[in-house]
Amino acid sequence: MMWPRNITQDQTRAIRLLGIPFVYALLLLAVPLGAILLFSFWTQDFMTVDTTFTLDNYREIADSPIYAMLLQRSLMVSGIVTAVTVILAYPVAYFVSFHVAPSKKSLWLFLITIPFWTSYLIRVFLWKVILGYNGVINSALLQVGIIDAPLTFILYNVNAVIITLAHAFAPFAILPIFVVLEKIDRSLLEASQDLGESRFSTFFRVTLPLSMPGVVGAVLIVFIPTIGDYVTPELMGGAGGKLIANMIQTQFLQLNNAPLGAALAIVAMVCVTAVALAFVFLNRRWLRARR
Amino acid sequence: MTDLIQLRGVNKYYGDYHALRDIDLTIRAGEFFSLLGPSGCGKTTLLRVIAGFEGVSGGTVMISDKNMKDVPPNKRPTNMVFQSYAIFPHLSVAQNVAFGLRTRKDIDKANHKALVEEALNMVGLSGFGGRAAHALSGGQRQRVALARALILKPKVLLLDEPLSALDKKMREHMQVELIRLQRHVGITFILVTHDQEEALVMSDRIAVMFAGEIGQMDDPETLYRRPKSRRVAEFIGKMNFLPGQVQTVGDTLDLTIAGFGAAQITPDQMPEGARTGDVSVGIRPETLAILFDGETARRHECPGTVDEVVYYGDMTYYDVRVKDVPQPLTIAMKNLIGRPVLDVGETCRIAWDDRALVLF
Amino acid sequence: MSLRIYAIAYLIFLYAPILLLPVFAFNDATIIAFPLSGMTTEWFAALQTNKSLHAALGNSLIIAGCTAVFSTLLGMCAARAAAMSHFPGKGGITGFVMLPLVLPEIIVAVSLLVILRQVLGLDLGNWTIIMAHVLICTPFSIAILNGAFGNLDPAMEEAALDLGETRWSAFRLVTLPLVMPGIISSMLIAFTISLDEFIIAFFLTGSNPTLPVYIWGLLRFPAQLPVVMALGTILVGLSIILLTIAEVFRRRGLARSGGKDTGGFL
């Protein structure tokens, strides 16, 4: 319930407490975000920043096809990664929620989350070992005699980037779906079967619609961060697999063109947000059902 | 008995929501007092105002003639038994009971152990001190909560729906034990409950609350027999309502009741400010009776038709249609030896008595 | 049944790269590829003598330690506020604090870089990484601590107040012991995240690299790769130990405050 006026003592205390992390996030997130927005309207020539307002950076992004291409590729890679992770993750979340004994659920979740927390860089690198010219897959396939020469289409291209990212973000997709599945009242499923639906049709008429908020959450929590990853494309993508995040990184750290980098970051963020909002909008009927 | 707690014009707002409206209340020392009402009526808020967990938006709270404004809960002579019992799960039973002694500089530390044992003994838990709190049953938790509060010898013990988490058998048992405990320690108990039966059984006095207001404050018998409003009458027990018309108000009050005919009310039953005109006449199901063969009514009788029969074992509840009465009348009959249970559709004679009538 | 097989296959997919780590860490060859040639502990020995590696590890430990403490403190504020009464705008503010959870890390990195270097003209150092890591770890701390604080019966603290304690002593005597497992769990998770974080650290690192930044450098030299494998093996082992302890404490915390285990950190 909302008490618009007459703030109670308890509320004052809560406001004061929440204020601390809020101010921190404001100073370290909102203010810096404002700063890059400002920067994106400036220009930089080697080390000197020219603070006259200009749209040059955005004009350059619009004019050179490389940026549009990178952005498009980034969105496509993130989109495919998201689709792959969420589709692969749903059955696992479903399995843990519905078919694992309650006492074992946390163990499963723990096992699923562990790889997510460990040595990101090395994990990405190891995919190179798995997919590489002399890698695990090629060695194995050669040994068995399925192929005569090592496969080359699995490393240093977009495919490799997609596989690696899908692996890295897998647990992120499972958890939101699992949480929502756990909340589904099991008697709803019994009611559906009581009313004549099979187990199979119950899943599509009851379970899946009820778990859509979790699916939407999983999509967002995978889609948005994957845009910002430059490690995987750098290591796995080769020349043709670079993404927008690599370009941002290059502008900032190698070309010393922070304003252009800032503009790219802004454009990337706006695109991601737009896609994310569109996705939420398309799924709005699943989200407003409860609460 | 002396007045221990006085509330004068207490109001409480949550934003636009008026949770307590002009509460005036006096609770005497040593009294078992209940705040009774449906959920959301403000009874728990009122208890928390007395405990000091909620401030007031207006009015005063006095305990032992001391204004409690700005006195925090830890400085008030009240202790509380929470609805969830709030037994500290990281402490043992004895540590829970001794919790409040830490800040009581007036009690010698050497006596703590004996006091804890005495408190546990009082609630029937002697020897449980070493148990882990999370290993207790619901009834045992409640006893620990009682011991933990009573060890501090508060002037007032506040109980927030203490029996609602227990099953029916345990609840009835604890009702009796709480009464005994209250007599034994002589401390004022203020009980919040939504269960009218519980309030009637346990209390010296009851305040019935609706929507932030006190509807009536009386001892259990007066509350049941002479409810001051239809709301109170409907909330406590069951009551039939018939339309009536008052003809004369003098030494006695003469009226006619739809379906029943003429009735007369004696001075001691007369409601305050009785006037001539339309009234609502209330009558409890157990004060009506169905007359079986050979029985005659002491005062009045009228004919009716059985509309519904609900058999309870010891009792049978009939809904009986009476000509000119809009709603069927509920009549409660004891199932005495040889007394038949009527069927739906049978005609019967109803006995009623003007001494049982309540006018609204 | 087929679901179970799928789930197990999925777990194998998740663990495949990690399982390869020790294989190559002990492999007696400088090339990270099959076939394997023989056992050696030479790469682990090389770790012991690498001065710049030790310096990077030292930096990372300091950063991770500070991050763990500060993000847990911020997380406690937010989680406690979340368990208290509602006020207008509470959801929005909490959402904003949780935002770094979904924000692309490169955005956090470049925006902090711009404000620190270009606007404020400050030098980068460990503290800049700590600030950024606290920002991204706080949402995780909040998520873990919400479980601890949210399951707590608000009547617990009121009971302590009612029994004569002040607000602070009630918090210290009742709430703090009950949420302590959550606090430890939160610190361990934040520590692990910070220790492993590369994307932001790479932007904000000063003259002294953190461990992941140092590893990134090594990845470019093929001769160093077996050493990286050995280092990775140790790091993964360490992370798993830390996470296991965190999980044990998180569960103990839930059991203590009487909550139901919904599983997982999020």
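In the predicted model, A:V77 touches A:V158, A:V161, A:I162, A:L165 and A:L243, residues up to four places away in sequence not being counted; contact denotes heavy atoms within 4.5 Å. A:V77 lies in helix α3 of chain A (residues 65-99), helices being DSSP runs of H or I with at least four residues, numbered from the N terminus. With a relative accessibility of 1%, A:V77 counts as buried (under 20% relative accessible area, 1.4 Å probe, protein chains only). A separation of 9.3 Å is found between the C-alpha atoms of A:V77 and A:F223, which are 146 residues apart along the chain.

In chain B, B:Q175 is placed in helix α5 (residues 168-185) and is likewise buried, at 9% relative accessibility. Apart from neighbours within four places in sequence, B:Q175 contacts B:L163, B:E198, B:V201 and B:M202.

The α5(A) side of the contact consists of A:I122, A:R123, A:L126, A:W127, A:V129 and A:I130, and the α1(C) side of C:F13, C:P17, C:I18, C:L20, C:L21 and C:F24.

Residues are numbered from 1 along each chain as its sequence is written, and chains are lettered from A in the order in which they are written. Local features need pLDDT of at least 70, side-chain atom pairs count only at pLDDT 80 or more, totals for chains, interfaces and linings use all residues, and side-chain values use heavy atoms, without hydrogens and water.

Technical notes: Helix = DSSP H or I, 4+ residues; strand = E, 2+ residues; numbered from the N terminus. Buried < 20%, exposed > 50% of the residue type's maximum accessible area, 1.4 Å probe, protein only.
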